[in-house]
Amino acid sequence: MSDTEAHSVAYVRDTMMPQQPAPAGETGAIRWLRENLFSGWLNTVLTLLGIFAIYLFVSHFYGWFLHGVWEANSIKECRQIIAERWGPDASGACWAVIRERWHQFIFGFYPPELYWRPILAFALLFVAIGPLMFQFVPKKVAWFTPIYPFLAVWLLWGGSVWGPVLVLTGFVLGGVVFMAVARFGSIMAFSVGAIVTILYFLFAVGPLISLFHAMIPVGLESVASSKFGGFLLAITLGVGGIAMSLPAGVVLALGRQSDMLLIKTFSVIFIEFIRGVPLITLLFVASLLLNYFLPPGTNFDIILRVMILVTMFAAAYIAEVIRGGLAALPRGQYEAADALGLDYWKAQRLIILPQALKISIPGIVSTFIGMFKDTTLVVFVGLFDPLKGIPDFIRADFNWKGIYWEPFVFVGAIFFILNFAMSRYSMHLENRLQREHR
Amino acid sequence: MTTAQDASGPTGFRLSQLIYDTRYRSITIQIVVLFLVMAGVGWLVDNVIRNLNDLGKDFNYSFLWQRSGYDIGNALIPYNNDMTHGRAMLVGLINTLWVSFLGCITATFLGVIIGVLRLSKNWLVGRLMTIYVEVFRNIPVLLWILVAIALLTEAAPSPNQYRVNAQTGEAGASMVLESVAFTNRYTAIPSIHFDRTLGSLDTALAPISLDFLAIVIVLLGSYFVNKMLVNRANRVQEATGVRPPTLWKSLAIWLIPVVVLLFALGVNPEEPQLKGFNFTGGTNVSNAFVALWAGLSLYTAAFIAEIVRAGILAVSKGQTEAAFALGLRPSRTMRLVILPQALRVIIPPLISQFLNLTKNSSLAIAVGYLDLRGTLGGITLNQTGRELEAITLMMLIYLVISLLISGGMNIFNNRVKLKER
Amino acid sequence: MSEPHIERSVDRSHMQVSDEVAIQIENMNKWYGQFHVLRDIDLTVQRGERIVIAGPSGSGKSTLIRCINRLEEHQQGKIVVDGIELTNDLKNIDKIRREVGMVFQHFNLFPHLTILENLTLAPIWVRKTPKKEAIDTAMHFLEKVKIPEQADKYPGQLSGGQQQRVAIARSLCMKPRIMLFDEPTSALDPEMIKEVLDTMIELAEEGMTMLCVTHEMGFAQAVANRVIFMADGQIVEQNNPHDFFNNPKSDRTKQFLSQILGH
Amino acid sequence: MSEPHIERSVDRSHMQVSDEVAIQIENMNKWYGQFHVLRDIDLTVQRGERIVIAGPSGSGKSTLIRCINRLEEHQQGKIVVDGIELTNDLKNIDKIRREVGMVFQHFNLFPHLTILENLTLAPIWVRKTPKKEAIDTAMHFLEKVKIPEQADKYPGQLSGGQQQRVAIARSLCMKPRIMLFDEPTSALDPEMIKEVLDTMIELAEEGMTMLCVTHEMGFAQAVANRVIFMADGQIVEQNNPHDFFNNPKSDRTKQFLSQILGH
Amino acid sequence: ATLDDVKARGELICGVNTGLVGFAAPDANGNWSGFDVAICKAVAAAVLGDPSKVKYVPTSGQTRFTALGSGEVDLLARNTTWTFSRDTDLKLQFTATNYYDGQGFMVRKDSGVTSAKELDGASVCIQTGTTTELNLADYFKANNMSYQPITVDSNAEGEQQFLAGACDAYTTDASGLAATRAAFANPSDYVILPEIISKEPLAPAVRQGDDQWTDIVRWTIYGLIAAEEYGITSANIDELAKGTDNPEINRMLGTEGNLGAMVGLDKDWLVNAIKAGGNYGEIFAATIGEQTPIGLARGLNAQWTQGGLMYAPPFR
Ligand SMILES: Nc1ncnc2c1ncn2[C@@H]1O[C@H](COP(=O)(O)OP(=O)(O)OP(=O)(O)O)[C@@H](O)[C@H]1O
Ligand SMILES: Nc1ncnc2c1ncn2[C@@H]1O[C@H](COP(=O)(O)OP(=O)(O)OP(=O)(O)O)[C@@H](O)[C@H]1O
Ligand SMILES: [Mg+2]
Ligand SMILES: [Mg+2]
């Protein structure tokens with residue numbers, strides 16, 4: 001043994017060898033092609049198939065896109081222009097319809113001179129969610145977030161400024177009462193606060209609004225819900241649905257986690273019921289049945305009714321997302337809160353929910369994307385969604401009868417851009433959370 | 001409350017204990033909640049009753065036994081307009097289940113292929129599949145269904161164009177393989193015809209063809225014989241270590257009996273023929289169905305592709321390396337190591353996609369395919385004006401389908417859960 | 001980290017190193033894209049030799065031993081294992097992988113199979129061993145690593161040290177002639193390191209040819225015939241453990257040793 | 001594991017144990033389902049006493065001290081803390097939790113709040129202290145645990161030892177009369193254990209009533225008035241530290257001590 | 001009561017078609033116009049004095065009755081056929097037929113079909129949730145023919161399918177067919193078959209149980225019809241409202257007696273209603289008459305004096 005060791009073992013390198021360039025064929029375009037496209041017969045076949053698919057796609061649609069016409073007043077004109085320019089057999093897109101009607105795809109029938117209002121509301125949305133979603137937004141602007149919903153409603157629907165102000169006041173009032181009674185225990189405080197708020201809404205808000213409006217009539221021109229359409233409708237429903245569903249979702253999630261059998265059962269029944277039926281049927285409930293469930297004579301706007309059902313729908317999904325967030329919190333957080341003497345609601349509010357909600361944001365964004373896509377279904381209850389409602393309406397015009405593909409492409413592209421951006425953002429957020437949670 | 005006080009006996013019971021005593025507190029809360037929920041439900045029910053009264057309507061399902069009076073274009077079980085609304089509902093339900101079932105199969109098939117290809121080392125194919133996934137899942141499924149139906153109605157020839165022009169001797173369009181015709185209203189495909197048919201068995205639901213029954217029985221037989229073969233192979237492998245090849249034998253067991261049976265029954269395809277306005281003879285698959293099916297499959301496939309990809313990626317590279325290092329071939333590694341682990345990750349979300357697809361099938365409304373919503377929740381509701389009854393029944397049926405599917409998923413999950421410390 | 005105490009000092013006299021060559025690497029080079037990971041590696045391993053490879057992170061240790069059973073492909077030079085040259089020929093690769101066992105840092109047990117199934121999988125499907133025989137072998141090796149009672153559990157139910165011992169047993173079940181270890185103890189808690197090292201020492205005593213990437217210098221001193229120090233993809237120094245630790249020649253080596261023994 | 005060296009030997013003379021009873025446990029029993037975790041526990045703790053609880057894993061140590069501030073419910077017997085009996089009455093529970101501070105093995109700081117917010121949260125919301133006062137107290141205790149400069153950081157930015165000290169400070173901010181520790185150092189790296197033990201010793205010097213589950217026998221010897229040994233849910237032996245370590249009576253204790261002091 | 005609701009609200013909510021050119025369709029700015037819309041305007045003018053105080057709720061074949069029944073709309077003016085079961089079982093109250101229609105078929109000219117009897121085996125596009133669906137089934141059954149129903153959800157979709165050739169025939173009310181055909185690029189390539197397979201009296205409907213409201217709508221419609229009969233037009237109405245020799249006209253226009261008060265409205269309710277869009281004939285001519293792209297002849301809808309069925313009961 002010793003001799004084997006002796007002759008082979010001891011070795012010292014005296015000069016370190018520098019990096020050598022890789023041999024030819026191991027680098028460069030050829031290697032890349034070989035490795036990525038033509039390694040083995042299966043890959044080669046796949047590559048060829050891929051190229052063929054691209055060819056098919058391009059050869060079919062290239063001409064159509066290339067021959068697109070932007071300047072025309074009707075589909076007939078479009079066809080004429082295409083036939084003149086590219087020969088009688090050429091097919092081409094008639095983008096003129098988008099040019100003429102783009103505002104209806106985006107805003108529905110919202111009065112054009114008031115377009116600034118939804119645009120402003122949309123822009124402010126980012127200020128409102130900024131502190132939650134983007135790290136670079138200072139946390140100080142967070143005070144704006146609870147005000148935003150009222151502001152947005154006022155901007156979108158207009159009317160007296162006192163409506164949103166006094167409704168907001170109602171919530172503030174509830175909060176103040178809660179604080180005042182807080183020393184008698186959370187449950188007490190919550191009940192009293194809720195009762196005061198509800199009484200205020202039932203009996204005080206209406207008269208107060210009239211009163212204030214009579215005294216100081218400040219307001220925006222009001223816009224009826226029936227004027228909403230296109231992406232304005234889709235975004236309003238989507239954002240409104242998610243925003244309103246958050247509190248309900250939190251309550252449902254807590255309910256589902258509760259030790260109390262009855263509460264748990266109710267939560268589970270609600271969540272599973274909503275998740276078990278298609279959204280369309282819920283929309284039908286909104287348009288056909290909701291009036292049966294309300295006291296005779298109550299009657300409100302279809303958009304509001306759809307919003308209620310969309311909110312219920314979203315709440316069930318959000319509840320499941322938040323439940324995931326709650327489950328991800330270590331038990332120690334609950335125990336530490338208990339040991340410090342915080343009661344259930346304080347522990348939830350100060351310790352558990354802030355953390356659980358933060359973890360849930362990517363899930364909430366995904367839910368939002370799904371809901372945003374699903375808002376197109378409102379067309380089946382007679383609303384003008386951007387995908388079918390608005391195009392159908394445009395096609396009812398003599399000038400644009402028979403136009404199909406251009407609206408599909410236009411609307412599809414907008415959906416794609418928005419959703420793709422959001423899904424990328426939510427992925428980014430997920431990665432960030434994972435980094436932070438290590 | 002009084003009873004609780006009695007029960008508390010000599011230790012004394014103060015009312016404040018209802019709120020401050022951990023034993024009673026949760027009961028108090030639950031009773032309050034129960035009361036609130038009951039009050040809410042009671043309020044709703046009361047409203048419904050009063051509204052129905054005001055409208056002079058009642059709540060009953062007897063309309064399900066009345067004559068429907070309308071026709072359904074694509075019924076899978078015998079149906080005509082003399083049958084009841086209940087029957088029409090059943091036709092719709094079967095249509096819902098049928099399109100969902102086929103949709104799940106094609107979506108899974110496509111999704112698996114796309115998901116696997118997306119992981120392929122082939123740069124081009126990988127990119128193409130990524131584009132597919134991103135485009136399809138970020139655009140509402142309704143658009144895909146509408147695109148599919150528009151494509152079919154706008155691009156396919158009408159049956160008329162298949163007619164041979166007497167003067168020129170040419171037709172505007174020709175059938176694929178002389179047996180399949182794509183038209184702008186349906187796809188005509190051959191139906192199967194048995195020369196020496198065994199007849200059929202009448203049941204209340206639908207007549208069952210004895211020929212098909214025979215085929216199913218033979219296939220079942222093949223399955224059992226094949227299973228015996230595989231078991232024998234396993235035993236031989238256990239004993240000697242060498243697994244006898246079974247592929248050819250399996251193929252023979254599966255194919256030969258069926259072929260023989262088909263031959264005995266004198267099977268031959270009945271090809272669609274243009275007669276009058278339409279093709280007759282074969283089976284006409286309506287475009288509404290095809291569009292819905294295609295739209296749902298393509299859309300859901302994008303999600304399934306992501307699930308499959310995530311499932312495969314979830315099996316760490318170390319597993320493959322360990323298997324390789326043990327000398328397992330790539331195909332065996334896939335079958336024995338990667339797939340069993342990936343499937344555990346894949347199947348639960350896959351099933352919730354199935355659930356979504358089933359629910360999305362209610363978009364049949366966009367193309368006029370008469371599914372459950374189209375019959376019970378559409379025409380029947382309309383003709384009878386029974387919206388409360390029809391919609392609650394429809395929701396109940398969807399709910400039952402969903403619960404069945406997710407129940408199945410839970411059972412599966414518990415079965416395959418990886419054992420951990 | 002606390003240095004585990006190696007109890008059994010190995011009696012090296014009865015460990016024989018034969019003249020037969022187990023692994024022969026000549027002039028081997030490997031690139032990742034433009035990055036030259038392994039540079040001009042020359043290494044001959046006799047049958048029965050026990051080699052410990054050390055070196056700073058990123059020096060190419062893992063890559064080197066992964067080249068030996070072709071988990072990585074080399075681009076230049078020659079690797080001959082057990083008389084078979086590693087080429088693109090799938091049959092050769094199969095043959096070599098049967099002869100070479102490998103133990104990974106993260107165990108890589110198959111979580112969906114019981115311990116016993118983990119151990120018998122490869123013998124049954126690769127070596128075509130009858131099942132009964134495979135089980136017997138498996139139980140034999142499980143006893144050797146001292147956990148026969150865990151045979152029917154799943155990997156997730158074992159501690160890290162137990163899992164790594166199962167991983168070693170799994171390799172052994174293929175009756176390999178060469179064992180490769182890639183930092184087998186670095187993912188373990190201190191208490192468990194000892195269990196695994198004990199198992200490895202036992203293997204060494206039986207004369208198994210071993211290549212082991214590790215930073216457990218106690219282990220190296222106790223069982224290695226030779227310690228190889230790598231840096232920047234090159235073999236910088238090799239020597240018997242005694243001389244290597246007490247009398248390192250190159251500056252890189254000294255620096256490295258001062259780091260890992262220092263604390 | 002390395003035994004941390006306790007530098008300061010505590011001068012026991014000025015630690016007074018008063019005659020007042022801080023905790024009184026009588027005949028307490030607890031079950032988890034069918035499993036009888038705590039059996040007939042009798043324990044009286046005087047105000048100012050410092051008790052260390054030791055025992056093998058699973059013996060019920062954690063459960064015992066978690067019962068004292070009602071993180072777990074006991075089923076039989078009586079626990080009186082600071083004159084208040086632990087019953088199902090939420091008000092009593094609240095009162096007791098304000099008097100009893102608890103430090104956990106895994107710190108359980110609130111990661112979404114700064115250190116200062118962690119410290120002021122409970123005083124503000126539970127004790128209804130004005131914010132300014134709460135901040136002053138918090139800074140006082142942060143200085144005491146020697147990390148006032150970290151006040152505005154988040155827990156994730158601190159080392160384990162620092163986190164545990166913050167956790168202690170967080171409990172102290174509630175001005176508890178009794179402190180419970182459940183293996184406060186066992187999740188820490190050896191270097192950090194000392195920091196935390198030092199802080200605890202300082203507390204002990206100030207006469208805080210302490211119950212501490214720990215395996216740090218150095219600590220026990222240095223500061224405890226009494227060491228309690230538990231096994232199988234029972235108190236097997238209790239004694240002053242000197243006699244407990246040098247002259248254990250029961251076999252279980254001997255066996256246990258040989259294990260933990262042995263390595 | 002509905003009248004009070006409408007007055008309190010200051011707005012009439014009118015259920016209309018989602019888009020049927022000539023009957024009810026929004027223009028590029030979302031303003032509605034058409035034959036049915038004109039009824040809504042007339043009622044609004046009669047009740048509120050302002051024809052523009054109408055909110056239009058587009059309803060599909062599916063949702064229209066629920067919308068009415070649940071109180072979502074005050075008046076359903078949506079080419080709805082008056083049938084027995086709708087009147088009774090659905091608890092609707094039809095007011096007065098404003099258009100006598102019948103179900104017909106439209107086919108491509110080049111299909112060579114000249115009679116509905118030749119449609120055996122054809123694919124027929126049909127809107128769901130309508131009486132047409134039932135008539136169609138009955139008709140083919142009665143004639144022992146078969147067909148393939150291709151169900152569509154809206155008229156727009158029916159058009160698309162029919163134009164693309166997805167169905168051999170499109171069936172709906174003859175008026176609708178004419179309106180649809182008129183909107184085609186080449187109307188002459190399509191023919192409407194002579195067979196009318198059903199009676200389709202189209203009538204605005206209201207909820208059952210509110211007789212006052214029923215009367216208002218009913219007599220507003222009759223007022224429009226009678227106005228045509230007596231030659232009251234939007235052009236001469238101001239003149240006539242000052243008083244004429246014809247006591248019936250005087251009663252209608254409120255210069256004699258107070259018919260308005262009997263239905264709870266102002267004296268000049270009919271003046272407002274007629275001013276809103278003219279008399280029945282004017283409305284017809286402006287929305288669907290022969291001068292419009294729809295190009296419907298009066299036919300059955302002519303005044304009874306012209307051999308048609310339009311016959312308003314006396315205002316007395
Ligand atoms: N698949 C790969 N592609 C590109 N570079 C790689 C790849 N795998 C490893 N490398 C690089 O090759 C070098 C050598 O890696 P290797 O894992 O062999 O180092 P090592 O000596 O085992 O280090 P450690 O002690 O950290 O395990 C490193 O710089 C690493 O970044
Ligand atoms: N929630 C629970 N449900 C059921 N059994 C439990 C529960 N918590 C603890 N136990 C069991 O109770 C016994 C005592 O647990 P405890 O945590 O008090 O032990 P310990 O002495 O603190 O041990 P360690 O030193 O490991 O922390 C153990 O056998 C444990 O398995
Ligand atoms: Mg390595
Ligand atoms: Mg413990």
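On the chain C side, C:F110, C:H112 and C:W125 supply 24% of the area buried against chain B, more than any other three residues.

Before I go on, a word on what we're looking at. This is a predicted model, so local features need pLDDT of at least 70 and side-chain atom pairs count only at pLDDT 80 or more, while totals for chains, interfaces and linings use all residues. Residues are numbered from 1 along each chain as its sequence is written, chains are lettered from A and ligands numbered from 1 in the order in which they are written, and side-chain values use heavy atoms, with hydrogens and water left out.

Back to C and B. The contact, meaning heavy atoms within 4.5 Å, takes 31 residues from chain C and 30 from chain B. There are three salt bridges between these chains, counting a side-chain nitrogen of Lys or Arg within 4 Å of a carboxyl oxygen of Asp or Glu. One of them pairs C:D94 with B:R329, with the closest N and O atoms 2.4 Å apart.

Now, what about chain B against chain A? That one buries about 5,000 Å², and carbon and sulfur atoms give 76% of it. In chain B, the residues losing the most area to chain A are B:Q30, B:N138 and B:M395, together 12% of what that side buries. The contact draws 55 residues from chain B and 54 from chain A. The salt bridge count for this pair is one: A:R424 with B:E134, closest N and O atoms 2.7 Å apart.

UniProt, in an unreviewed entry, puts "domain: ABC transmembrane type-1" on residues 231-426 of chain A; the positions are in the numbering used here, feature names are shortened, and annotations may be inferred rather than shown by experiment. That span is 79% helix and 0% strand, with its end C-alpha atoms 21 Å apart. Helices (H or I, at least four residues) and strands (E, at least two) are DSSP runs, numbered from the N terminus.

For chain B, the unreviewed entry lists several stretches as "transmembrane region", including 246-268 and 288-315. Residues 288-315 of chain B are 96% helix and 0% strand, with end C-alpha atoms 40 Å apart.

Last stop, chain D. Which order do the strands take in its open sheet of six? They go 6-7-8-3-9-10, with mixed pairing; two strands pair if DSSP finds at least two bridges between them. Strand 6 (100-103) and strand 10 (234-239) of chain D each have a single partner strand, so one side of each has no neighbour in the sheet. From one strand to the next, the twist averages 20°.

Inside that sheet, strands 7 (178-182) and 8 (209-213) of chain D run parallel, joined by five bridges; D:F181 has D:C212 as its bridge partner. Helix 6 (190-205) of chain D lies across strands 3, 7 and 8, at about 150° to strand 8. Angles run from 0 to 180 degrees between N-to-C directions, with axes fitted to C-alpha atoms, for helices over the stretch in contact.

Terms used:
Buried area is the accessible area (1.4 Å probe) that two parts lose on being put together, summed over both.
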